[in-house]
Every structure is written in C-alpha cells, then in structure tokens.
Amino acid sequence: MAILENIRKRTTVLILIIGLALFAFVISGVFTSNELGGVKVGSAVGEINGEEISRDAFTRQLETATRNAPPASSTLQNVNRVWDRIVKNTILEQQFEDLGVGIEQDQIVDFIRTTGYAQNPEFQNENGFFDPNSFRQTVADWRANNPLQYDAWLQTEQAIIQMAKEQTYYNLVKAGVGATLKEGELDYKLANDKMDIKYVRIPYSSIPDSSLTVTKAEIAAYINDNKEDFKQESTRDIQFVYFEEKPSLDDENAVKDEISKLIGDTVEYSEERDVMDTIAGLLNTKDITAFLDRNSDVKFDTIYKAKKNLPASFADSLMALNIGEIFGPYKDGEYYKVSKMVNRKPNGSVKASHILITYEGAQRAKPEIKRTKEEAEARAKELFRDAKKGDTPFVELARDNSDGPSAPNGGDLGYFQEGTMVPKFNDFAFGNAVGTIGMVETDFGFHVIKIDDKEDIVQVATLARELEPSEETINTLFTDATKFEMESIANEESFSDLAKESEYVVRPVNKVKAMDENLPGLGAQRAIVQWAFNEDTEVGEIKRFNVNNGYGIVQLTGKYKEGLMSVEDASATVLPKIRKDRKATQIIGANTGKSMEDLAKDNNVTVSNASALTVKSPTIPGAGSEPVVVGTAYAMEQDETSDLIKGESGVFKITVTKRTPAPKLENYSTYANSLKSSSAGRVNTAVYDALKEKSEIEDNRATFY
C-alpha cells in the first residue's frame, strides 16, 4: 500500500502512466554500473531525456548483438535492434530511478524460477527442480573457477534484472487497472442495445470539388490547428537510373549456341595420337556424371522427381520424353538448359493415409498409451472393418482414432518414394492399387493403410549454363553509365529529359529516412542514403554509385526538415478534410429547419431505413461506418428526430423509430472483468509507448552507421 501511495503522489510526473522503480541488483552480489552511463568516450550516438549514449558503449553492445544475430542480418538491422533496446531500457530505468522503489533478492530468484533459466541442470537439485541454493553455488563456482563463463553470466544477469524490473513495474500498473460493474454494464449495452432509424443522407459528393476554392493560407491554418497530425521526420526524395549488369541478347544467344553444340557428338583432333577423335555429346555419352562435371554449371542430380518438382513451364515436355530423348535448349530463369530423360519409374511415388494404433512398449509409443498389443490389434481390426465399409470417411477415422502424428491431417502421409517407409508398410503401399485399404503390423504398432494416389517419377540429367554478361557487355554498360552521369551533372535540371532521350527508366523514391537502408529497385544501399543526408549534398546534385550488379546514377530531388509538413506536402491530405467541412457547412446552412421529407425532396435523395444498429458496430447499410450518427441515435429517445448531423459520408437527419434494450443481466461482472483484462493486456505496450512519446530523444545514429 505504501508503494501505491507513493506512486499516486507522483501523478504530475506521469499523469496516465504509473510505474515502479527498482534499484540495480546483481544476483551474484556484484554491483555493476550502467553500461551506457559514466564517462563518455567519443561522440554520442544519441541522447535520451538528457542522458547521452556514448558511441563506445553503443559499439560494445552492437558487437555482442552482431555475434548473436542471424547470419543474414545486415549491420543496420543490428544497429536498429540495439538502439531500440537501449532506448527502451534507458527510458524505463529513468522511471525506476525517479520513483525510487526497490526490489529484494528473493524476488529476483522467484523471477528466474519462472523463466527458461530455471531449466539449466546446474541450477537444479537431484529431483530436477530449480533450487535457489544450487543456483547461487553454481554462480559462485563460475566466479572462482571459470572467469569466461562468469563474465557471460554477468551479461545474462543484467538482462534478467531488467526483465524482473519491467515485470514488477508493469504488474503494479496493472494493479491500478480496473473496471466497475457500471462500466461493464455500459459495455454490454453498447454492444447489445439495438436501434432502428429512419434517415435522410445528403452525400458530400452532391457538391462538386471544383466548386470550392481552398487557399494555401487555409491549408496552412488547418495544419497549424492540427499539428500532431502533420508532424514529419527529416526525409529526402531521390530519383535514379539503374544500369544493371545483365546478359545482352547476344550473350544469351552465345550461351545457347555453346550448349547446343554439346548435344551431339563432336570430332576433335588429338595431337597426342595424331588422329581425329569423336567426343560423345549429351545424347550419346555413356557417363552422364562425368559429362556434366566437365560441361555443366549444375551437377547431375540423381534423385527421381515427380512432375510437380520439375520446372513448371517445361514439366509437360520433360515428362513426355522417352528414355534417352533430349529436350532443349530452353531458358529457365538465369540458365540455358538441355535435359535428357535418363530413367523413369512408373508409379514410383505413392500417396497414402494411415491410422496407427500403438500399444505400450511399441517403438515411439507415447507414455500415456497403456493398451496391450492384443488390445491394439483388436482395435485396429475394428477400424479396418469400418474403413472397408466406407460409412465413415477415412479422414475422420484417422483424425479421431490414430495415435500417429499425422492424425490432425486425417492420417495423410503425403507422397513418398520406395524405401522411405519401414519394409511391411513400403511393400503394401507399392504392391497394391490406388484405393486399396489394408492392415499391416510394424514395430510402431498396427497400421490401417489407404492408398490415395500414385504418380510416375523420372530421373533427368540437365546440362545447364548460367547466363552472365560478357566482358564486352560490361564495358558497354560502364561506358553508357559514365556518359549519362557526365551529361546529367553538366545539366542537372535535365536529368529526366536526358534519361527519356536515351530510353532509360527514371525511378523515384520519396520520403527516404535517415536510418533507411533498402531502396525500392536497388536493395540495400546505405551509402546512397548517407549521401542524401549529408549536409553538403544539395538538391539537384547527382552521383554515381556501384550498386548490386551495376551502377545507379542518383539525383537528390528534395529535402524535408523535421517538424510540420509544408503546405505542398500536406495538401493531398488536408484538401479533402477542408472540402468536407465546407460542404457540411453549406448543406446544413441550406437545409436547417426542413422536415425529413422536404430534405429528401429538395436534395433529390430518398428516406431510408436501417435496423438493429449498435454503438459497437456503427455501420449504416448503404452509408458505411458512421460512428457519430449512430452515437447520436443512441442518446435519443424513441420517435425523436435529430437536427442535421455532420457524418463521415454526408449530412444526416435521423428519427429513432424503435429502441430495443438488451435484456438485463443479474450482474455485469463478466463484462467488467473482460474490460479489465483487455486494459491490462495493453499495459506493457501502452505504458512504454506513452513514455517514449513524452521523451526527448536525439538520434545521431545516421552520423556513424
């Protein structure tokens, strides 16, 4: 109670958000300082509510994060992850320190008990349960005998402490979240009180946009009155022409010719033997593996494949080949290919479903299975008879009775080739026709098997050559890119015109942020973003960059400062809002005092009806979502008619023709508890988001990364 009272007294610090502060406690008994505090060495990566984040401290955390990150993670992705974690930890730690609430050692140990760390065998007793004494002794042993392990633990320890603080903090916030029975009753009524209305809607579209003139001053005034809606980050606009290093048509034809020559036999002079030798091509070679090793960019894949596993565009042609026949050359993605049918296995792949009835002691039987082998056999025979009758679909029998992992899928095992299953199962599947149902016994138990389908599989040898740009193509591309770059720099204002003359495509990328990395059409191009945000780079400036497989000639076309959006940038959003307000005022001014019938007649609209409206689902058929209109109806009495209402899609006049109150309940605790749970479930995210929103954060990462 004293803690909650202390928090209540500090409502001026955080009006809507309350929290708990916990002092830094290290489980092993060693107190460690904040890694981001203390003496600042080098420039600051950022500042959070006046607390600087030194580059050295940030770099140490980044190195650790990079070591533990997935291999595909880019440097910037790791930078962002570290920054987000630091911002969160710093903001919350400031709250903890400001509120001055502590936490005991036992609370930390109790927290560990509920996490995955409790599963460490070194922290458990002889019965396999987490034991605080074993935990403390293990950490002490690490400190004395294993310095590397102990250092790693200290880092883990900091994360545990932070999590424990956050959990306690959020739990105290949740303790202050509640809902009264009256609130539960209101929530129930908003969802279940129903209203029927008669209404007239004069749509805003009845007044043409062209009839309204909106000045820049009005747009600026609207932006100023709604500043929170029109904040913008510092951004840049660029446009670029991409010169991609890719094979030309001549390059493709050259590869096609090369691969075509390898289909048939060739005659070559052997200087060693002074004779003409015949070199077997793909069609006649006796050693497919060796031939492809010498001549193909893709080795011989000996695996048999079904039609669905062959290249989709050519699967029909490949499956139609007889053994020894050739198909190609054909272009498949980045390769030119020629394929030869090596072998075929008719019905070489089987699709089957099964019901597994296992017993105690059978291979991989679940511990809860207690039936005997005899009982399992009897049950399997019963299911076999049911499956043969066909009264119940096999899928249902498997789903409801099988002990195998395929039960949720109706026993479906998918397609498999010979030798995949245990011998008895394999022999039944490949020795019987589609539709056959049978029963076999294996070490896993008793199987009721249904053969669902069979398909041919083939072994195809493919001679493939990757399509790559020739040296001539690469040199030509470089010349073209350099020429365009020079001409563009000489006349910056004609970037788009010059590109059009040369039939190059200009691609714009707008609102690039300082910490962006990926640019549409170019991929990860951090260097371009950094150049665009360099203070010395002027609008209109052009620069060439080496990008993925080519060159990008980039022009900076716009700079936007952090703050309010300009009139030009905001006009697309503001104009419809101002026009709607103007139209509403115009419609209301011209129709005030009219009856519903006169309103409909004078505006060439109809009187409509809507039934069973609720505040929780405020959609009016034919008009769309209209929360203000439905909310107004909720506050009206039956047979009462409203004034003109400014809605989302037009101006409304409504009459409540019927109210159907929801049946009264004995109590509304269920709804109150639901409200409470819903609010509590949002606490963790809402608390941090609110704290972050109110924080002063200076982000200098773009200067360093």
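Strands are DSSP runs of E with at least two residues, and helices are runs of H or I with at least four; both are numbered from the N terminus.

## Model and numbering

This is a predicted model: local features need pLDDT of at least 70, side-chain atom pairs count only at pLDDT 80 or more, and totals for chains, interfaces and linings use all residues. Residues are numbered from 1 along each chain as its sequence is written, and side-chain values use heavy atoms, with hydrogens and water left out.

## Backbone exceptions

Most residues other than glycine have a negative phi, and most peptide bonds are trans. K511 has a positive phi, near 55°, and is not a glycine. K511 sits in strand β13 (residues 506-513). Its relative accessible area is 34%, so K511 is partly exposed. The cut-offs are under 20% for buried, over 50% for exposed and in between for partly exposed, with a 1.4 Å probe and protein chains only.

N604 also has a positive phi, near 55°. N604 lies in the loop between α19 (596-602) and β19 (607-613). N604 counts as exposed because its relative accessibility is 73%. The peptide bond from G328 to P329 is cis, with omega near 5°. P329 belongs to strand β8 (residues 326-332).

## Packing of α5 on α6

Two packed helices are described by the angle between their axes and the distance between the axes. For helix α5 (residues 132-145) and helix α6 (residues 147-175), the angle is about 125° and the axes are 6 Å apart. Axes are lines fitted to C-alpha atoms over the stretch in contact, and angles run from 0 to 180 degrees between N-to-C directions. α5 and α6 are therefore oblique to each other. Oblique covers what is left after roughly parallel (under 35 degrees), roughly antiparallel (over 145) and roughly perpendicular (65 to 115).

F135, V139, W142, R143 and N145 of α5 make the contact with P147, Q149, Y150 and W153 of α6. Contact means heavy atoms within 4.5 Å.

## Aromatic pairs

Rings of Phe, Tyr and Trp (its six-membered ring) pair if their centres lie within 6.5 Å; planes under 30 degrees apart are stacked, over 60 edge-to-face and the rest tilted. The count by this rule is 26 aromatic pairs. One of them joins F704 and Y705: edge-to-face, 6.5 Å centre to centre, with 65° between the planes. Y705 counts as buried because its relative accessibility is 15%.

Ring pairs also link F123, F130, F135, W142 and W153 into a cluster. F135 and W142 of α5 and W153 of α6 also take part in the helix contact.
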